[in-house]
Amino acid sequence: MADRHDRDGHLTRRHLLALAGAAGAGAALPLDFSKVVLAQGAGKTLRVRMGSDISVLDPSHIFQIENQTVCGHVFNGLMKYDQSTNKIVPDLALSHTVSSDGTVYTFKLRPGIAFHKNYGPLTADDVKFSFDRVLDPKGGSKYTGQLAGLVKTEAPAPDTVVLTLDKPASGFMHKLTAFNQGWIVSKKAIEEMGEKAKLNPIGTGPFTFEKWSTGSEVRLAANKAYFEGAPKFDELLLRIIKEETAAAIALEKGEIDIFYALQQPEMIDRLGKAPNIKVLSRDANHTINLVLNTTIKPLDNPLVRRAMAHAMNRKGLIDGFFKGTKGMGHSVLTSSFAEFTDDVPRYEYDPEKAKALLKEAGVTGFKFEITSVGLSPFDRIVVPLAEDLKAVGIEATIKILERGAYTQARNSGNVQSCITGVVGPPDPDSPLVTLYAKKSFPPGLNTARYEGAEDLLAKAAGAKGDTDRAAAYKAVLQKVMADVPVIPLYADKLFLAHTSKVEGLVQNSLFTVFTYPASLKG
Amino acid sequence: MSADDRASDLAVPPTPWRQLAETLRDHLRHPGLAIGTGLLALLLLVALFAPWIAPYPPLKTNMSNTLAPMSSAHWLGTDQFGRDVLSRILLGTQVSLQVAFAVVALSLTAGTLIGAIAGFAGGWIERITLVIIDILLAFPGFLFALALVAARGSSLESVIIAVAIAFTPRVAAVMRSVVLTIKPRPFIESSRAIGMSEWRVLWRHVIPNALPPVIVVATVSAATAILAEAGLSFLGLGVQPPTPTWGNIIADGNSLITTNPWISLSAGFCIAIAVIAFNLLGDGLRDTLDPQMKRQTGRGLL
């Protein structure tokens, strides 16, 4: 007994010591924090959840929503989309004029804009440099195609940029907005840093890039000298939380302030009901599509592709799986585009018609593999679709690949089908050229290897005036939906949840988040 | 009972079948072994007859009845594609047991051979084998499986090969140490003395005598194999959808844990049952195959 008493006493002492230690640490921590806070000024940090890590922060190579979210805070473009209306408004440009033949664009830059971290003032040379490096075939930019037709970039004066096109292009202003190839970099920074510039973005935006801790977080600091005014908080912390469930719990507990690109219907429902949490939603600029490789038999036959479109119960997917949190995509242009039309060939769920079409094509029971990426919901949505295809006699199987392997398989152009969504600005060329133009493969995302709309796409690019433009894009959509090399599965909707501490935030239609207008209460 | 009867009893030696029945009866007196065998037999029956006992086709989606709660029509409800969860779990038994048996068969065969040869041959063969075994043992098995599945692409074969390779060194290490204890025994020496070749000694005397402890290790590895498969499937690296496995059923239900917890929980329960069954079987075999342990633990549990 005595032995036990001793042991107990010892344990108690140890516990007491441990408790004292914890109390000491608890007392020390707030003190430390207050020091940090004092050093930084007001010390407000806005914490945002990112679903995945960043990789490249060079605007000419970006290609991923996490990278785009970071760069959106660091860089500006000549023009930008108004967050709530998607109208193109000036950003770094003060004004611009277009020559009467529609080929020469002259921009005047805003005066007194400086790059971050003492990289000097913004000049026309930086703008010219930014576009030149995207156009340079040696640069290997993924966005060279976006600036196709831009034949001459000039900087006649420090505040004047002249861009010359080979022929009038109705959608050229879209290419100059603050997104991907439109972001303006510092010539001095890129030239001095070389390869290192890929992870040290120097821009003119409301936040400066501070620190990236691989796999855990990205820190941005407020740019007090931002030309539209300093942000209303001091630091932007982008925390990587892969699991949506974990992110939702973190938001509910107040460990993060903003959860963007919210996907799972259950989470949207759950956070919508949670107290002190607001959920914003908006139609996205993209659809998620099943891309059929038209060079592989029997997918080269439009009848087979139409049959597949009729066989898949996409309405069921939207209502049953997504619980109505996505919309029907009749073409790859969603309603957030000015050129949107629903006057296109439609493919209602009709297994009997699908069977009849397959019979007409003389195709019975071919093997069809859907390749998808191991990310939710793309690894899930293919399951019921494959079942639907089986029901009309197509031997559908599913292959889920890890992200890297998936990109490799898709880029090879040899897979029968893959799941692709073109996430981008409300520029109709973004999905249309990317998915349907011959020049978009290889390299690119026209893994359907489709070439049937070349002349119509050229006509749309050269259209003058809004009516002409709308009619030209309608013709493109009608053609590609009659041929269906790409079956739109659903039109994405964007959901963003934030705590009630956050104010002034606007949900854009880009799948990214831009926190500059936001402020933190309390 | 007449004296005649008793005489015939003495005269006729017990047939091998009777002997087997007696041993079985003796073994099943061990509660752990009996429960483990019983559960495993049940799982095996479920796996074999899954396509017939499943109330619905496990792959059939029904988008108008997604996430149905538990009811008399769907005992465990439906998943986000309207598939019957119970049917999927029943079919998932097939994959899990397939992985367990295949892994045991592969790692037992390879591990036994490698370990026996290393232990029996001695010298530099033993030293080299031992170094390789140690390296493989030091490498986390699941990490190795992850790497292999990433390299080969995810499929049932990849999972089996990966887990089997991870377990082979374990079996080999045990086999080698048991062989070392058998090698100096007199009957081995006698076999050599009557002119048996080394291979024959290894094959006829060393391996059979060293097997019991190795079988125990292999049985326990079956339980770990089930867990490894479930883990890989949960990460989306196991069997390709829509084939159900317990691991991917848990993954499917993961995001629904607050609203439809039964999807993940029921699959998790099955994994627990299978793992417990294999562990009980392993413990039981250890106790009953070792005459010294038998007296102490087997009866003690009763």
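Modeller: This is a predicted model. Let us begin with strand E15 (residues 417–421) of chain A, which is mostly covered.

Biologist: What makes strand E15 of chain A "mostly covered"?

Modeller: A residue is called buried if 20 or more other C-beta atoms lie within 10 Å of its own. Five of the five residues of E15(A) are buried, and the strand is therefore described as mostly covered. Both faces are covered: Ser417(A), Ile419(A) and Gly421(A) are buried on one side, and Cys418(A) and Thr420(A) on the other.

Biologist: How do you know that E15(A) pairs with strand E12 (residues 277–292) of chain A?

Modeller: Pairing requires at least two bridges between the strands. E12(A) and E15(A) have five bridges, so they count as paired, in the antiparallel sense. In one of these bridges, Ile419(A) is the partner of Leu290(A).

Biologist: In chain B, at what angle do helix H4 (residues 85–121) and helix H9 (residues 198–234) pack?

Modeller: The angle is about 145°, and the axes of H4(B) and H9(B) are 7 Å apart. Their crossing is right-handed. Among the residues of H4(B) that meet H9(B) are Val99(B) and Phe120(B); those of H9(B) include Leu202(B) and Glu229(B). By class, this contact has 16 nonpolar residues, four polar and one charged.

Terms used: Residues are numbered from 1 along each chain as its sequence is written. Chains are lettered from A and ligands numbered from 1 in the order in which they are written. This is a predicted model: local features need pLDDT of at least 70, side-chain atom pairs count only at pLDDT 80 or more; totals for chains, interfaces and linings use all residues. A residue is buried if 20 or more other C-beta atoms lie within 10 Å of its own, exposed if 12 or fewer, and partly exposed in between; C-beta atoms are placed from the backbone. Helices (H or I, at least four residues) and strands (E, at least two) are DSSP runs, numbered from the N terminus. Axes are lines fitted to C-alpha atoms, for helices over the stretch in contact, and angles run from 0 to 180 degrees between N-to-C directions. A crossing is left-handed if the near helix is turned anticlockwise from the far one by less than a right angle, and right-handed if clockwise. Two residues are in contact if their C-beta atoms, placed from the backbone, lie within 7 Å. Ala, Val, Leu, Ile, Met, Phe, Trp, Tyr, Cys and Pro count as nonpolar, Asp, Glu, Lys and Arg as charged, and the others, Gly among them, as polar.
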